[in-house]
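Let's take a walk through this one together. Have a look at the picture first, then read on.

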Amino acid sequence: MKKITIYPLWTRIWHIINGLLFLLLLLSGTSLHFGLLSLNFSLKLHIFSGISITIAYLIFFAANILSGNIRHYFAKHEHFFKHLKAEYKYYLWNIFLKQRTQNNPEKNKFSIVRQIINAKLMYFVLPLMILTGILMLVPDVIDKSFFQVSDIWVISLTHTIFGYILTIFFILHLYLGTTGKKVS
Ligand code: HEM
Ligand code: HEM
């Protein structure tokens, strides 16, 4: 079998650190929301891992541009809708018939569904979590009359709702990670 390398070393290192920090944030964030562990401990853990994931994200952001890996997140696919439909059909039905995916990772690093999920994760949902998290750490930077209602309430609500959305993306991401051709 031919061996192809599509995940460079830096994305792997970033990915391990990011994954661990995300799990810590999910645990401490859930604990903050439902009062599962000591408030003091959960808050310290959440802020420590929140600042760390912010730094890791900034490194990812720069390295993704500098290495050119970003092109896979915004690649244009030929016959987009036809292939998107075929991919949905694959994930919702054909996969259970043990058919192989049509996507060739040598040609397209991410299949269309994977690309949409990875791009939304890295360029919309995670940055919004980081931004709302930081705004809660330094609430005074927002003009008090900006949202008309308590601005920290709006930011905290957005942070919590996107926490749920990020978790759904994460579950889809884990599932997709178990499918497709074995690549390295
Ligand atoms: C990326 C994954 C993250 C998840 C899943 C997550 C989840 C949560 C949850 C569920 C809460 C409780 C909200 C509530 O019930 O009011 C929370 C609060 C908070 N988060 Fe996050 N968060 C994440 C990232 C971050 C980041 C990156 C930062 C900062 C850099 C941050 C800073 C905060 C702060 C300051 C609070 C408020 C704590 C308090 O109640 O005083 N979070 N987060
Ligand atoms: C902790 C558990 C995690 C596991 C087991 C996991 C698994 C995987 C696998 C198998 C891949 C390669 C296949 C693919 O692209 O789908 C991958 C890539 C990727 N994952 Fe995860 N993941 C985890 C957490 C996360 C989190 C929390 C994020 C972001 C919030 C994330 C973002 C990404 C991105 C952006 C890629 C593509 C990296 C590249 O451009 O080379 N992963 N992950």
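## Around ligand 1

Start with helix α1, which gives the most to the shell around ligand 1: seven residues. Keep in mind as you look that this is a predicted model. The shell has 24 residues, and Gly29, His33, Gly50, Gly133 and Met136 come nearest to the ligand. Two or more residues each come from α1 (9-34), α2 (39-67), α4 (112-137) and α5 (151-177).

What sort of residues are they? Sort the shell around ligand 1 by type and you get 13 nonpolar, eleven polar and no charged residues.

## Around ligand 2

Now move over to ligand 2. It has 18 residues around it, with Thr11, Gly19, Phe22, Asn118 and Gly177 coming nearest. The elements that supply two or more residues here are α1, α4 and α5.

Which helix gives the largest share of the shell around ligand 2? That's α1, with six residues. By type, the shell around ligand 2 splits into nine nonpolar, eight polar and one charged.

## Leu25, a spot in α1

Let's zoom in on Leu25, which sits in helix α1. Is Leu25 buried or exposed? Count the other C-beta atoms within 10 Å and you reach 22. A residue counts as buried at 20 or more, so Leu25 is buried.

Who are its partners? Leaving out residues up to four places away in sequence, Leu25 touches His46, Ser49, Gly50 and Ile53. Gly50 has already come up, as one of the residues that come nearest to ligand 1. Leu25 and Ile47 are 22 residues apart in sequence, yet in space they are 8.5 Å apart, C-alpha to C-alpha.

## Helix α4

Next up is α4, with 26 residues. From its first C-alpha to its last it reaches 36 Å, close to the 38 Å expected at 1.5 Å a residue. Follow α4 along and you'll find a bend of about 45° at Leu121.

Which residues of α4 are buried? They are Arg114, Leu126, Met129 and Gly133. Their cover includes α2 and α5. Look at Gly133 again: it is also among the residues that come nearest to ligand 1.

## Helix α5

Last stop: α5, a helix of 27 residues. It spans 38 Å from first C-alpha to last, close to the 39 Å expected at 1.5 Å a residue.

Inside α5, the buried residues are Ile155, Phe162 and Leu166. What covers them includes α4.

Note on methods: Residues numbered from 1 in each chain as written. Chains lettered and ligands numbered in written order. Predicted model: local features only at pLDDT ≥ 70, side-chain atom pairs only at ≥ 80, totals over all residues. Near = placed C-beta within 6 Å. Helix = DSSP H or I, 4+ residues; strand = E, 2+ residues; numbered from the N terminus. Nonpolar A, V, L, I, M, F, W, Y, C, P; charged D, E, K, R; others polar. Expected span 1.5 Å × (residues − 1). Bend = angle between axes of the 7 residues up to and from the residue. Buried ≥ 20, exposed ≤ 12 C-beta atoms within 10 Å, placed from the backbone. Contact = placed C-beta atoms within 7 Å.
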